[in-house]
Amino acid sequence: MQKPTLKDVYRPTHDEAARHAFVGALKGYLNGPLEARLAGHYEDSIKPAFVEARGREPENRTEGTEAFREDHLYQLWGSSVFTSQDLMWETVGETCDRLLPDFEARREELANREPRGRLELEEGFVPPDPIRRVEIHRQPGGYFGQSGDTSLRLGMDYMGTGELYRAAKGLSEGDEVGDPGMGKYVLGALGRRFPDVDPGSVLDMGCGVGVHTIAYKQAFPDADVWGVDLSAPFLRFAHVWAEDKGLGINYRQACASETGFADGQFDLIVSHIMFHETWHDVLAGIMAEAHRLLAPGGIFLNADVPYQPERLTMTKQVTNHWQVVNNGEPFWTGFADTDVRQALIDGGFDPQDVFAEYDPLGTGQYFIFGGIKS
Ligand SMILES: C[S@@+](CC[C@H](N)C(=O)[O-])C[C@H]1O[C@@H](n2cnc3c(N)ncnc32)[C@H](O)[C@@H]1O
């Protein structure tokens, strides 16, 4: 009989699934209808009060936050979002606790086979400041965990919350657990811009648990596919996840600004939601590294959150900034304030070969940016 693979192992029980669904629905309500109500309340009450006191509207998120701070609906929204985040880690954690031994057993079983891909972890690697000091998303243990802990648990937690969000948005219906939806979306964005793309080598920067890296090996089976990330726990998970699928993908622990690969090694470099989770000072180095690593004609294409302040209402600027201050998204507004097009040019890309655009995603949009190496 065929042994169950990890996508079959990750099965919340009926009660766990009900709790995940509750948290997903709660988050959907807080981010959707309640935030919309808050936006209406800003127009009807918070803004007029600010205008009366100052003779003008709030001009930026700092002033906006001042205007919102004492408001009861805003406080209710914030405390509920904070609680929903705790509930998410608690409920997904329960499932991961229960399934961890099964994941570890599958890892051991896979370790008896010749690996198809490499896992390059650097002994004594310390993630740089400031990222190593932050529990991003307030994930218990953060992205890096305790040194010496080699368990798959942090990777499972990350993957499990991804599943919770997918289910809440109705995206997991009919799809496998861990479907590389974002990877497929980026491949779509790539194909629309470069229909003939057929890379011999691909690098996924900030690949995390590798769920989306899979999409590139599936799309370009002959390509040499690599993922880099700062997090050893995530890379361990990514390696097992790819081996479980019988896919030869290589993973390396490195900062995206200093990967150790050769000049011109890659035809395609991608990232999915890495930039809003990396600190501002490293961004210039990442752009320059991508330019160095690309072969002539190679493509750099990234997808990230479209939260540039000029595109957002004041309420959305304030609620996003609340996430920065209170909910483990410390680099979010720093990225939103960055002139990405200029950063790509400063990194070595020719101005005429750079793009920074917004593509449709569901009912919203996503920020797609990058460049072609001339
Ligand atoms: C939101 S996660 C996204 C992971 C994956 N791309 C996905 O879509 O599931 C951001 C990832 O970027 C990684 N990261 C942040 N800054 C990095 C850097 N400077 N170099 C390499 N990885 C980085 C984090 O460790 C984390 O795994």
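Me: How are α4 and α8 oriented to each other?
Reply: The model is predicted. The axes of α4 (residues 72-111) and α8 (residues 232-244) come within 10 Å and cross at roughly 65°. Angles of 65 to 115 degrees count as roughly perpendicular. The two helices, α4 and α8, are therefore roughly perpendicular to each other.

Me: By class, which residues make up the contact of α4 with α8?
Reply: From α4 come R106, R107 and L110, and they meet V240, E243 and D244 in α8. By class, the contact of α4 with α8 has two nonpolar, no polar and four charged residues.

Me: Where on α3 do its buried residues fall?
Reply: Helix α3 spans residues 61-68, and R61, G64, A67 and F68 are buried there. An α-helix has 3.6 residues a turn, so residues three or four places apart point the same way. Seen down the axis of α3, the buried residues fall within an arc of 115°, so they line one face of the helix.

Me: What covers the buried residues of α3?
Reply: Burial in α3 involves R61, G64, A67 and F68. The cover over these residues includes α2 (14-54), α4 and α10 (314-326).

Me: Is A189 buried or exposed?
Reply: A189 sits in helix α6 (residues 181-193). A residue counts as buried if 20 or more other C-beta atoms lie within 10 Å of its own. A189 has 20 such atoms within 10 Å, so A189 is buried.

How values were computed: Residues numbered from 1 in each chain as written. Predicted model: local features only at pLDDT ≥ 70, side-chain atom pairs only at ≥ 80, totals over all residues. Axes fitted to C-alpha atoms, helices over the stretch in contact; angles between N-to-C directions. Helix = DSSP H or I, 4+ residues; strand = E, 2+ residues; numbered from the N terminus. Parallel < 35°, antiparallel > 145°, perpendicular 65-115°, else oblique. Contact = placed C-beta atoms within 7 Å. Nonpolar A, V, L, I, M, F, W, Y, C, P; charged D, E, K, R; others polar. Buried ≥ 20, exposed ≤ 12 C-beta atoms within 10 Å, placed from the backbone. Arc of directions from axis to C-beta.
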